Amino acid sequence: MGAEARLAELGITIPEVVPPLAAYQPTARSGNLVFTAGQLPARDGEMLAIGKLGGEVTEEQGYACARQCALNALAAVKAEIGSLDDIKRVVKVVVFVASTPDFTGQPKVANGASELLGEVFGEAGKHARSAVGVAALPLDVPVEVEIIVEI
């Protein structure tokens, strides 16, 4: 089953591409790889959460934000290549988590992105990943995700 059919089976709709907030493009292609710009947890023009993990944002909210960021990254890839069925595999995921100094649950938050990609792509969704705690992210969002896929 292809990624597009799997998304339909899961009841997941790929959103519209979130317009860039600054001087960059949503994706860049190099050979058979597509890199996304960092994607924020926007849905229908609103951020899912604001603040830091370990502060005003719970791990569950952070997980949902990472999942939405991954959906937004898939939207950017789809706009670049036409169909998510053309993705051979997810190569790398980088998840930035705005967190308080004592918060150490970045990997659990990042699972929101990783588990979504596994649901959609199966074995081809298994990837290398970094989950990085940072002091702040654009617009005070708690999570930003970028992905690299092979086409």
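In which sense do S5 and S7 pair, and over how many bridges? Keep that in mind as the tour starts.

**Before you click**

This is a predicted model: local features need pLDDT of at least 70, side-chain atom pairs count only at pLDDT 80 or more, and totals for chains, interfaces and linings use all residues. Residues are numbered from 1 along each chain as its sequence is written, and side-chain values use heavy atoms, with hydrogens and water left out.

Helices (H or I, at least four residues) and strands (E, at least two) are DSSP runs, numbered from the N terminus.

**Stop 1: the annotated stretch**

Select residues 4–145. An unreviewed UniProt entry annotates them as "domain: Endoribonuclease L-PSP/chorismate mutase-like". UniProt positions are given in the numbering used here, feature names are shortened, and annotations may be inferred rather than shown by experiment. Over residues 4–145 the chain is 32% helix and 23% strand. The end C-alpha atoms are 21 Å apart.

**Stop 2: the sheet**

Now show the strands. Five of them form an open sheet in the order S1-S2-S7-S5-S6, with mixed pairing. Two strands pair if DSSP finds at least two bridges between them. Strand S1 (27–30) and strand S6 (128–134) stand at the edges with a single partner strand each, so one side of each is left without a neighbour in the sheet. On average, neighbouring strands are turned by 15° against each other, direction ignored. Axes are lines fitted to C-alpha atoms, for helices over the stretch in contact, and angles run from 0 to 180 degrees between N-to-C directions.

**Stop 3: strand by strand**

Select S1 and S2. They pair in the antiparallel sense over four bridges. Thr27 has Thr36 in S2 as its bridge partner. The two strands form a hairpin with two residues between them. In the turn, Gly31 has a positive phi of about 60°.

S2 (residues 33–36) pairs with S7 in the antiparallel sense over three bridges. Find Val34: its bridge partner in S7 is Val149.

Next, S5. The opening question is settled here: S5 and S7 pair in the antiparallel sense over eight bridges. S5 and S6 pair in the parallel sense, over seven bridges. Click Val95. It stands opposite Val145 in S7 and opposite Ala131 in S6.

**Stop 4**

Select H2. Contact means heavy atoms within 4.5 Å. Then select helix H3 (residues 106–121). H3 lies across strand S5 (89–98), S6 and S7, and runs at about 150° to S6.

**Stop 5: pocket and cavity**

On a 1 Å grid over the protein atoms alone, a cavity is a set of points where a 1.4 Å probe fits but cannot get out, and a pocket is an open set with protein on both sides within 12 Å along at least five of seven lines; lining residues have an atom within 4 Å of a point. Grid points are joined across faces, edges and corners, and a volume is the space filled by probe spheres set on the points.

The largest pocket has a volume of about 230 Å³. Select Val18, Ala42, Arg43, Asp44 and Gly45, the closest to its centre of the 15 lining residues. H2 gives the most to this lining, with three residues.

One cavity of 30 Å³ or more is found in the whole structure. The largest cavity holds about 100 Å³ of space. Its lining includes Val18, Tyr24 and Asn72.
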